[in-house]
Amino acid sequence: MNSVWLAFGLVFNPDVMLTILVSGVFGLVIGAIPGLTATMATALLVPVTFFMDPIPAVAAIITCSAMAIFAGDIPATLLRIPGTPSSAAYVDDAYAMAKRGEAELCLGVNLVYSALGGLLGSVVLMLAAPALANVVLEFGTFEYFWLCALGLSCAVFISSSSLVRGTASLLLGLLVSTVGIGSTSGFARFTFGSVDLMGGINFVVVLIGMFAMAEILRGVSTPAGKSELVVKRIGNVFSGIAATFRVYWKSFLSGSAIGVVIGILPGAGSTLAAFVSYAFSRRTSKHPEEYGKGSLEGIVSSTSANNAAVSGAWTPALVFGIPGDAVTAIAIGVLYMKGLNPGPMIFINDPQNIYAVLICFFVANIVMVPIGFVFIKLSRHVLSLSKETLLPIILMLSIVGSFAINNTLFDVGIMLVAGLAAYLMEENDIPVAPAVLGLLLGTMVEENFMTSMIKADGNLLAFFERPIAGGLGLFTVLLWISPLLFGIVRRMRARPAARR
Amino acid sequence: MRFSDMSIGVALVCLALAIILTSATFPSVPGQPYGPGLFPILIGIGLAVCGLALVGQSWGRNRAFPLFTAPPWTRSVHLAGAFLLSVASVVFYIAVVDWLGFVPTAFMVLAVLFIWMRGRPASSLFLAAAVTAAAYASFFYLLSVPLPAGILLPSTG
C-alpha cells in the first residue's frame with residue numbers, strides 16, 4: 001500500500017500536472033489536424049521527454065496519444081476528414097450528424113465516450129497487468145522467444161492483407177536491429193566501417209523518420225483538398241449526453257471491450273479497434289440501416305473502442321516489453337531510455353513507478369474532458385491552419401528532434417533514410433508496423449533465440465519441452481501454417497463445387 | 001512511386017543474397033557453436049523466400065505490368081518541387097549546419113519551403129523567422145540541446 005501513496009506523490013505534483021496539460025494540448029492540436037497522426041505526435045514528443053524525469057515523460061506520452069486519438073474526431077465531425085486514421089471508421093456518421101445540426105451532440109459524445117473508453121481500458125490494464133506479470137515471472141528464454149515470435153507474427157497477420165509483404169516488412173525491421181555490435185557476440189555487424197553505426201541504429205530516430213518524415217513527404221506531394229466547416233459556432237457539447245448513456249450503454253461496453261482486446265494484440269491499434277467495433281455494432285444493431293448516415297450508436301461504440309485500445313496496448317508493453325501498437329512501441333523506447341525497463345521485474349522492483357503509470361492513465365482520461373471541452377470551442381482556429389504552414393514546421397521539429405537524441409547529425413541522416421524507406425514501403429502496400437516491431441524486438445528475439453539454442457545445444461525440440469513454452473510454441477507454429485491450412489480447405493471446398 | 005511485385009521480389013532476393021554472403025564471413029565465437037552470423041542468415045533466408053514468393057505471384061498472374069509506375073505528383077511541378085525540396089532541405093541542413101550554425105540554416109530551410117508551398121514571400125519570411133526563433137529558444141535554452149552556433153553566433157562552448 002505504501003507504494004501506492006508513493007505513486008500518488010509521484011503523479012500529483014506541479015511538474016507532472018503541467019506536463020500532462022502541455023502534452024495534452026499538443027496531442028489535441030496534432031490529432032485534430034488531418035494528416036498528422038497520434039503516432040507522429042508521440043514520435044515528435046520523445047526528444048522532449050528525453051529531458052524529463054521518468055514519470056512526467058511517461059505521463060506526457062500517455063496523455064498525448066489519448067488526446068490525439070480523441071481529437072481526430074473533431075475534423076471528422078466538422079470537415080468529414082478524420083484527423084487521425086482511428087476516426088476514419090465513423091467519419092460519415094459524424095459528418096452526417098453535423099449536417100443535421102447535431103454537431104454539438106456528436107462532439108460531446110466523442111469527447112465523453114473517448115474518455116470513458118480510455119478509463120475502462122485503464123481499469124482492465126490495472127487489473128490485468130499485475131496478474132499477467134506474476135505468470136511471466138516464471139518465463140525463461142524459451143518462453144520469451146516464443147512470446148516475441150507470437151507477437152511479431154500477430155503484427156504480420158493483422159497489419160496487412162498480404163502475408164508476404166507483412167513478413168518482408170518484419171524481416172527488414174529485424175535486419176536493421178542487427179546493425180551494430182551484437183550483444184551476444186560483441187562482433188560489429190553491417191557497420192561498413194562506420195563508427196556511428198557501431199552502437200546500432202537508434203530506434204526513436206527511425207520512428208521520427210517513419211512517422212513524421214514519411215508523413216511530411218506524403219503531405220507535401222498530395223494536393224490540398226478544399227473543405228469547409230459545416231458549423232460556424234459550437235454551443236454546449238454536454239447537453240443530452242446523459243440521455244445517450246441510458247440508450248447506448250451496451251454499445252459503449254461492447255465497443256470498449258473490443259477496443260481493449262484489439263489494443264492488446266501486437267501490431268493492431270486504435271484504428272483497427274474502431275473499425276472492428278463499428279462493424280460489430282452494426283451487425284448487432286436494431287437499426288443497421290442508419291449506419292453511415294449519422295448513427296449515434298455506431299459512433300459511441302467505435303469512439304470508445306479507439307481510446308480503450310490506447311490503454312489496452314500498454315498491457316503487453318508493460319508486462320512483456322512487447323508493444324500493442326506503434327505508439328506503445330515508442331513508449332517502450334522511452335521506458336528503456338528512462339531505466340524503467342518493462343517486464344515482470346518492474347512490478348516487483350519498482351511497484352510505485354508502475355502504479356504511477358496507471359494513475360497517469362486515469363488522470364489523462366479524466367482531464368481529457370475539460371481540456372477537450374475548451375479545445376472543441378477553439379477548434380475552428382486550429383482547423384484553419386493550412387498544411388502548407390504546418391508541414392515545414394514539422395520538418396524542422398523532426399530534424400531538431402532526431403538531432404537532440406544523441407546530439408549527432410548522423411541521426412538526422414538516419415531519420416531521412418527511414419522516412420524515405422517508410423514512404424516507399426507504404427506506397428507499395430508494404431505495412432510499416434511489422435518493421436517497427438521487428439526493429440524494437442529484434443535484439444530481444446535474437447538474444448533469447450541464441451541463448452536458447454546454446455542451452456538446447458541446437459536441439460530445436462527443446463524449444464517445446466517446457467509446458468508454457470510448448471503451448472506458446474505450438475500456437476505460434478499453428479498460426480504460421482494457418483494460411484496453408486486455410487488454402488487447402490478452400491481448395492477442397494472449391495473442388496466439389498467445380499464438379500457440380 | 002509504385003514498383004511491380006516482380007521488381008520488389010528481385011530486389012528482396014538480391015538483398016537477401018548480400019546479407020547471407022556477408023553474414024557467412026562473420027567469425028564464430030570460440031567455445032560457442034552459434035556465431036553472430038546465424039540470426040542474420042535466418043533473416044536473409046526469410047527475405048529470399050518472401051522475394052521469391054512475390055516473383056512467383058507476379059509470374060502466376062502472367063500479365064504485363066510496368067516495373068515502375070511514377071506517382072501522380074511527378075506531373076505537377078509544384079508538388080514534385082515540394083517533395084524534392086523537403087528531402088533536399090534535410091540534406092542541406094546536415095551539410096551546412098555545423099559550419100553555418102542552426103539559426104541561419106533553419107531560417108533558410110523554412111523560408112524556402114514556406115515560400116514554395118504557401119507563396120506570399122513577406123509573410124513566409126516572417127513565419128520562417130518566428131519558427132526558427134521558437135525552435136531555437138525551446139531546444140537550445142529550455143532543453144539545452146547543443147545546437148551548432150556556427151559562424152554568426154559566438155560559441156557557447
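Me: Is Phe192(A) buried or exposed in this model?
Reply: In this predicted model, Phe192(A) counts as exposed, because its relative accessibility is 77% and the cut-off for exposed is over 50%.

Me: Where along chain A is Phe192(A) placed?
Reply: Phe192(A) is in the loop of chain A that runs between strand E2 (188-189) and helix H10 (195-198).

Me: And what about its phi?
Reply: Phe192(A) has a positive phi of about 50 degrees, although it is not a glycine. As background, most residues other than glycine have a negative phi.

Me: Ok, so what is the phi of Asn407(A)?
Reply: Asn407(A), which is not a glycine either, has a positive phi of about 50 degrees. Its place is in the loop between helix H19 (387-406) and helix H20 (409-427) of chain A.

Me: How does Asn407(A) count in terms of accessibility?
Reply: Asn407(A) counts as partly exposed because its relative accessibility is 37%, and partly exposed covers the range between under 20% for buried and over 50% for exposed.

Me: Switching to pockets, how much space lies in the largest one?
Reply: The largest pocket holds about 1300 Å³ of space. Its lining is made up of 36 residues, and those nearest its centre are Ser153(A), Thr167(A), Leu171(A), Trp480(A) and Gly46(B).

Me: Which elements give two or more residues to that lining?
Reply: For the largest pocket, these are helix H8 (141-159), helix H9 (163-177), helix H21 (433-456) and helix H22 (467-499) of chain A, together with helix H2 (38-61) of chain B.

Me: How do the lining residues of the largest pocket divide by class?
Reply: The lining of the largest pocket has 30 nonpolar residues, five polar ones and one charged residue.

Me: What volume does the second largest pocket have?
Reply: The second largest pocket has a volume of about 1000 Å³. It is lined by 31 residues, of which Leu172(A), Leu175(A), Val176(A), Ala421(A) and Leu15(B) are the closest to its centre.

Me: Which element gives the largest share of that lining?
Reply: The largest share of the lining of the second largest pocket comes from H1(B), with eight residues. By class, this lining has 27 nonpolar and four polar residues, and no charged residues.

Me: Last topic, what is the mean pLDDT of chain B?
Reply: Chain B has a mean pLDDT of 87, and 94% of its residues reach 70 or more. For the complex, the predictor gives an ipTM of 0.93 and a pTM of 0.86.

Conventions
Residues numbered from 1 in each chain as written. Chains lettered and ligands numbered in written order. Predicted model: local features only at pLDDT ≥ 70, side-chain atom pairs only at ≥ 80, totals over all residues. Heavy atoms only, no water. Helix = DSSP H or I, 4+ residues; strand = E, 2+ residues; numbered from the N terminus. Buried < 20%, exposed > 50% of the residue type's maximum accessible area, 1.4 Å probe, protein only. 1 Å grid on protein atoms, 1.4 Å probe; cavity = no way out; pocket = protein on both sides within 12 Å on 5 of 7 lines; lining within 4 Å. Points joined across faces, edges and corners; volume = space filled by probe spheres on them. Nonpolar A, V, L, I, M, F, W, Y, C, P; charged D, E, K, R; others polar. pLDDT = per-residue confidence, 0-100.
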